Amino acid sequence: MYAAEHQRDDTTEFLGKRSSDYRDALQQYADAWRPDIACMKRFLNPKRGERILEIGAGNGYFSLAIAQELGPDGLLIASDPSVDQLSDLEQHAQDDNIRVMATPAETLEIGLKDCDAVWSRGAIHHVLDKTATFTRCGEVVRSGGRMVIADIFAGTPLARYFDSFIARSCSTGHEVAFLSKEFADSLCALTGWAPPKFHDMITPWEFETRADIGEFLHLLFSATDDYSPGDCVDAADDFLSVTETGSGWALMWPMTVMTTTRPAHI
Ligand SMILES: C[S@@+](CC[C@H](N)C(=O)[O-])C[C@H]1O[C@@H](n2cnc3c(N)ncnc32)[C@H](O)[C@@H]1O
């Protein structure tokens with residue numbers, strides 16, 4: 001691991017219990033997001049030796065999988081404003097191909113201009129200045145490089161679920177700004193990215209029982225005591241879909257993946 005910068009901002013949402021609950025959810029249900037790892041590999045397609053910047057890395061669930069694909073000659077720069085979120089990644093990253101930066105995307109300074117790709121999952125809706133973020137990402141990516149953003153987009157069932165249930169039940173609230181496809185398209189045009197493509201994906205989050213889905217969601221979104229795990233799985237079933245599979249239960253999670261590239265003439 002390279003140098004880490006430590007920056008604490010008490011307005012950061014993912015601190016303390018919100019962050020430790022998030023980590024506990026992913027530790028207790030480590031296989032739940034396996035389909036999301038497959039989705040990341042499909043769209044980001046990280047290759048050996050590449051340099052990739054990750055925005056909003058959280059506790060590194062995707063970072064470790066990406067770094068493994070990059071191999072010892074590659075580099076993953078995992079950034080997030082929350083020191084608490086990044087602490088797991090700092091502790092568990094064994095390879096020296098991960099550099100951790102405790103910085104919000106809007107003010108990121110990575111000191112490189114030739115990254116092959118930018119990856120972000122579930123974080124851009126927390127980023128308030130998306131214009132600055134797209135601009136900065138463009139400055140660090142080489143011509144022909146790519147940007148892949150998997151997130152909640154405005155107007156989708158997932159956005160309705162967050163605005164209706166998560167905003168009330170999450171212990172920190174959920175004051176965010178979802179990208180619309182139209183605004184993302186404009187942002188790409190304004191900041192020198194090629195017209196983006198949007199892929200509406202449904203990844204099944206995998207569990208043994210229906211009750212496990214409630215426990216996972218209760219932790220992942222750090223629900224207040226007013227909401228039980230049962231409430232959490234019922235709301236997910238109302239807004240999304242919870243279904244029995246051949247091997248257990250799945251929460252069908254509908255995310256949008258935006259892909260774009262840096263045109264060669266920029
Ligand atoms: C829902 S978590 C997603 C974490 C990880 N990508 C994942 O999929 O597990 C959102 C993350 O966005 C981070 N975040 C919030 N504001 C941000 C900003 N301005 N720039 C970059 N990341 C931000 C949070 O600290 C948090 O770790």
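Helices and strands here are runs assigned by DSSP, with a strand holding at least two residues, and the numbering starts from the N terminus. Keep that in mind as you explore this predicted model.

**A strand to start with**

Let's begin at V242, which belongs to strand β7, residues 242-244. Is V242 buried, exposed or partly exposed? A residue needs 20 or more other C-beta atoms within 10 Å to be called buried, and 12 or fewer to be called exposed. V242 has 19 such neighbours, so it counts as partly exposed. Setting aside residues within four places in sequence, its contacts are R210, I213, V233, A236, D237, W249 and L251. A177 is another matter: 65 residues separate it from V242 along the chain, and their C-alpha atoms are 26 Å apart.

**An enclosed strand**

Now move to strand β4, residues 115-121. Seven of its seven residues are buried, so the rest of the structure largely encloses this strand. β4 runs parallel to strand β1 (residues 51-55), and four bridges join the two. One of these pairings puts W119 of β4 with E54. β4 also pairs in the parallel sense with strand β5 (residues 141-151), this time over six bridges. There, A117 faces R146 of β5. Between β4 and β5 the chain passes through helix α5 (residues 130-140), making a right-handed β-α-β crossover.

**The core and the ligand**

The largest nonpolar core has 76 residues, and the members that touch the most others are L76, A117, V118 and F216. Which residues does V118 contact, beyond its neighbours within four places in sequence? They are L53, I55, C137, V141 and M147.

Around the ligand you will find 19 residues, with G56, G58, P104, A123 and H126 the closest. This shell is made up of ten nonpolar, six polar and three charged residues.

Most residues other than glycine have a negative phi. N45 and S222 are not glycines, yet both have a positive phi. The table sets them side by side.

| Residue | Phi | Loop between | Other C-beta atoms within 10 Å |
|---|---|---|---|
| N45 | about 50° | α2 (34-44) and β1 | 12 |
| S222 | about 45° | α8 (210-220) and α9 (229-239) | 21 |

Notes:
Residues are numbered from 1 along each chain as its sequence is written. This is a predicted model: local features need pLDDT of at least 70, side-chain atom pairs count only at pLDDT 80 or more; totals for chains, interfaces and linings use all residues. A nonpolar core is a set of buried Ala, Val, Leu, Ile, Met, Phe, Trp, Tyr and Cys residues joined through C-beta atoms within 7 Å. Two residues are in contact if their C-beta atoms, placed from the backbone, lie within 7 Å. A residue is near a molecule or strand if its C-beta atom, placed from the backbone, lies within 6 Å of it. Ala, Val, Leu, Ile, Met, Phe, Trp, Tyr, Cys and Pro count as nonpolar, Asp, Glu, Lys and Arg as charged, and the others, Gly among them, as polar. Two strands pair if DSSP finds at least two bridges between them. A crossover is right-handed if, with the strands pointing away from the viewer, the path from the first strand over the helix to the second runs clockwise.
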